[in-house]
Amino acid sequence: MVATFILWACGDSSSGPSTLDEDEVAALCPESGRGTFIDKRDGHEYHYTTIGNQVWMAEDLAYEKKYYNEDGSELTDLCDSVSCRCFITPFKDRYPSIAFEDSLCPEGWHIPSNDEIDELMENVGGYEIAGHILKSKSGWGNVNPDEESNGTDGCGFNLKPDWTVFSEYDFSGIEKDYYGSFMSNTHIPDSSSYSEDRDGNRYYHDIFYTHMFYSRSDTVARVGETYYLVDRIRCIKD
């Protein structure tokens with residue numbers, strides 16, 4: 001892949017900057033609403049947490065999703081090993097019968113829509129401060145030694161940082177532990193990115209919205225991007 005376009009969109013902000021206190025968090029995200037379940041497809045055990053009226057995975061989806069040709073052979077030019085973050089949108093002009101969202105989440109769960117993510121953010125205080133509660137208690141990089149970068153993980157969502165590449169060729173641009181994200185199933189209208197193979201053929205991808213978290217801020221931003229055409233997924237219960 002040699003070309004990836006990135007489209008940025010502003011994140012929503014639904015309330016003021018005051019974070020929830022301990023009692024409010026306890027009422028919103030009770031310990032009794034947390035637990036584990038088994039993905040019957042591969043036996044993987046996931047933690048989940050309840051936030052308001054929603055039940056979320058408390059960790060990233062780690063299902064190995066493979067795509068196949070009509071003759072049963074494996075598609076090798078798509079991401080064939082989906083481990084925690086490697087989800088690539090199929091080339092919609094080359095494989096129109098493949099729906100990106102199909103069968104990724106376990107039975108009874110699905111990739112969240114923008115509206116469902118809006119509800120999550122509103123529940124924990126709004127986009128301006130949601131990272132304070134949703135980010136994990138450790139792992140987020142800080143530029144200055146005395147800088148607070150981690151979250152409280154008050155609701156057990158446990159959103160961890162990841163690495164981000166801002167160029168497909170210049171790996172000096174890798175940023176570790178400063179960004180985290182998970183995507184929605186909502187497409188950006190009338191938008192796509194393309195990749196080129198070595199013969200110059202272009203293959204187009206739908207662009208989905210994703211939600212970015214930052215080590216130096218509690219703000220969460222909704223963006224449209226394909227960073228290497230991969231992203232993390234947090235499934236929400238049907």
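Trainee: To start with, in which sense do strand β1 and β2 pair, and over how many bridges?

Mentor: Strand β1, residues 35–38, pairs with β2 in the antiparallel sense, and four bridges hold the pairing. Two strands count as paired if DSSP finds at least two bridges between them, and the strands themselves (E, at least two residues), like the helices (H or I, at least four residues), are DSSP runs numbered from the N terminus. Before we go on, keep in mind that this is a predicted model, in which local features need pLDDT of at least 70 and side-chain atom pairs count only at pLDDT 80 or more, while totals for chains, interfaces and linings use all residues. Residues are numbered from 1 along each chain as its sequence is written, and side-chain values use heavy atoms, with hydrogens and water left out.

Trainee: OK, and what is the bridge partner of Thr36 in β2?

Mentor: That partner is His47. The two strands form a hairpin with six residues between them, and in the turn Gly43 has a positive phi of about 80 degrees.

Trainee: What does β2 do on its other pairing, with β3?

Mentor: Strand β2 (residues 45–51) and strand β3 (residues 54–57) also pair in the antiparallel sense, over four bridges, and Thr50 has Val55 in β3 as its bridge partner. This hairpin has two residues between its strands, and Gly52 in the turn has a positive phi of about 65 degrees.

Trainee: Stepping back, how many helices and strands are there in the chain?

Mentor: The chain has three helices and nine strands, and from the N terminus on the elements run α-β-β-β-β-α-α-β-β-β-β-β. Of its 238 residues, 46% count as buried, where buried means under 20% relative accessible area, exposed means over 50%, and partly exposed lies in between (1.4 Å probe, protein chains only).

Trainee: Switching to charges, how many salt bridges does the count come to?

Mentor: The count comes to six salt bridges, each being a side-chain nitrogen of Lys or Arg within 4 Å of a carboxyl oxygen of Asp or Glu. One of them joins the side chains of Asp39 and Arg41, at 2.8 Å from N to O. Asp39 is buried because its relative accessible area is 1%, whereas Arg41 counts as partly exposed because its relative accessibility is 33%.

Trainee: And which residue forms a salt bridge with Asp60?

Mentor: Asp60 forms one with Arg232, and their closest N and O atoms are 3.0 Å apart. This pair links distant parts of the chain, since Asp60 sits in the loop between β3 and β4 (109–110) and Arg232 in the loop between β8 (217–224) and β9 (236–237), 172 residues apart. Asp60 is buried, at 13% relative accessible area, and Arg232 is buried too, at 9%.

Trainee: How far is the C-alpha atom of Arg232 from that of Gly180?

Mentor: Those C-alpha atoms are separated by 8.6 Å, although the residues are 52 apart along the chain. Gly180 lies in strand β6 (residues 175–196), and it counts as buried because its relative accessibility is 2%.

Trainee: What about Lys135, which residue does it form a salt bridge with?

Mentor: Lys135 forms a salt bridge with Asp218, the closest N and O atoms being 3.9 Å apart. Here again the pair links distant parts of the chain, with Lys135 in the loop between α3 (130–134) and β5 (162–164) and Asp218 in strand β8, 83 residues apart. Lys135 counts as buried at 1% relative accessibility, while Asp218 is partly exposed at 27% relative accessible area. Separately, salt bridges that share partners join Asp60, Arg232 and Arg234 into one network.

Trainee: One more thing, about backbone angles: what is phi of Asp153?

Mentor: Phi of Asp153 is near 50 degrees, a positive value in a residue other than glycine. Asp153 is in the loop between α3 and β5 and counts as buried because its relative accessibility is 15%. Asn158 is found in the loop between α3 and β5 as well, with a positive phi near 60 degrees, and Asn158 is partly exposed, at 22% relative accessible area.
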